[in-house]
Structure formats: structure tokens, C-alpha cells
Amino acid sequence: MAELKNIEQAKEAFATLCQALDNKGWRYKKNEEKLTLESGFRGDDLAIELTVKVDADRMVVLLVSHLPFVVQEDRRLDMAVAISAINNYLVDGCFDYNLVNGHIFFRMTNSILESKLSEDVFTYLLLCSCKTIDDFNEKLMMLARGMVTLEQFLSNILK
């Protein structure tokens with residue numbers, strides 16, 4: 001259970017996150033009790049659904065986005081290689097991949113431990129995540145559906 005000091009700091013971070021979205025005119029649904037919000041954006045090709053949680057126990061802001069497709073069993077090992085290659089390339093955030101069920105998530109975190117995050121930090125968190133997801137979601141879906149080979153995928157992202 002989070003200490004009272006951490007809970008207050010988490011609530012302050014959540015308020016700043018919401019203010020950042022309000023100032024940008026972004027729509028979202030919030031749960032102030034759980035310090036969680038949900039939002040979505042339309043990328044160049046696929047919709048991007050985001051969940052952002054301020055976690056007072058771990059003192060982090062956690063953004064997660066589930067990609068809207070499942071990797072079929074016969075493509076899962078290729079996808080593991082592809083996800084590893086992408087993550088090696090990324091500066092912020094990463095793709096999480098469950099080899100057992102074929103689900104892919106994008107995740108980005110930011111610590112709030114003894115920190116006060118600005119609206120700019122939250123704006124970066126959202127924009128960087130959306131850009132990264134949009135850059136790779138269609139390519140990952142094409143690999144998952146067998147529309148491109150692993151070799152084609154790797155040559156495309158490693159340009």
C-alpha cells in the first residue's frame with residue numbers, strides 16, 4: 001500500500017496529466033479514484049488506444065497501448081525477432097510481446113519518485129508513444145498476417 005505522501009504526489013501528477021490533455025484539447029475518459037485515463041487517436045493506418053495510469057505504489061506513470069490484432073501461432077517466433085529488433089532501435093518506450101498468446105503492447109513509463117513532472121513531460125509521453133506506435137503497428141500487423149516475411153520486415157525497419 002502506498003504511503004500518504006506518495007498518494008498525494010501521484011494525485012498531483014495525475015492532475016498535471018489531465019491539465020496537459022485539457023490544454024491540448026484532447027478527449028479522454030478519466031477515473032480519478034484509480035488515477036487512470038483512457039484516450040485514443042487515429043494513426044495513419046490503425047486506431048491507437050491508450051491507457052495511462054499513475055501508480056502510487058511504484059511511483060511511476062505507466063502508458064500502455066494494446067495493438068488491435070493477435071499474432072497467429074505460426075508467426076510468433078518471427079514476431080519475437082521483429083519486436084526485439086524494434087526495441088533495440090527505440091530510444092523511449094518498448095513493445096512488450098507475449099509469445100504464448102500473441103498479444104503485443106506498447107509501454108512507456110516515467111518515474112514520479114521525488115519528482116514533479118511538467119505538462120510538457122506528459123505531452124511528450126503521449127506524442128512519442130503515438131508516433132512510435134503509428135510507425136510500427138501496420139508493419140507489425142503485416143508480419144503477423146504473413147503479408148511480409150521477417151526478412152522484408154527487418155530490411156524495412158533497419159533502413
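Below are my entries, one topic at a time.

**Ground rules.** I'm working with a predicted model, where local features need pLDDT of at least 70, side-chain atom pairs count only at pLDDT 80 or more, and totals for chains, interfaces and linings use all residues. Residues are numbered from 1 along each chain as its sequence is written, and side-chain values use heavy atoms, with hydrogens and water left out.

**Entry 1: helix α3.** I looked up α3, residues 119-144; helices here are DSSP runs of H or I, at least four residues, numbered from the N terminus. With 26 residues at 1.5 Å each, α3 should span 38 Å, and its end C-alpha atoms sit 36 Å apart, which agrees. The expected span is 1.5 Å times one less than the number of residues. I also found a bend of about 30° at F136 (the angle between axes fitted to the seven residues ending there and the seven starting there). Just after α3, G146 has a positive phi of about 75°.

**Entry 2: helix α4.** Which residues of α4 are buried? I noted L150, F153 and I157, in a helix that runs over residues 150-157. Buried means under 20% relative accessible area, exposed means over 50%, and partly exposed is in between (1.4 Å probe, protein chains only). The three cover an arc of only 60° around the axis, so they lie on the same side of α4; the arc is taken from the directions from the helix axis to the C-beta atoms. Their cover includes α2 and α3.

**Entry 3: R76.** R76 belongs to α2, residues 76-89. R76 is buried but has no salt bridge, and the nearest side chain of opposite charge, E73, is 4.7 Å away. A salt bridge needs a side-chain nitrogen of Lys or Arg within 4 Å of a carboxyl oxygen of Asp or Glu. Lys and Arg count as positive, Asp and Glu as negative, while His and the chain ends are not counted. Leaving out residues up to four places away in sequence, R76 touches V70, V71, Y97, L99, V100, N101 and G102 (contact means heavy atoms within 4.5 Å).

**Entry 4: salt bridges.** How many salt bridges are there? I get 7. One of them pairs E12 with K116, with the closest N and O atoms 3.3 Å apart. E12 is in α1 and K116 in the loop between β6 and α3, 104 residues apart. E12 is partly exposed at 37%, whereas K116 is exposed at 68%. Another joins R75 and D78 at 3.8 Å, N to O. There, R75 is buried at 15% and D78 partly exposed at 25%.

Key:
Helix = DSSP H or I, 4+ residues; strand = E, 2+ residues; numbered from the N terminus.
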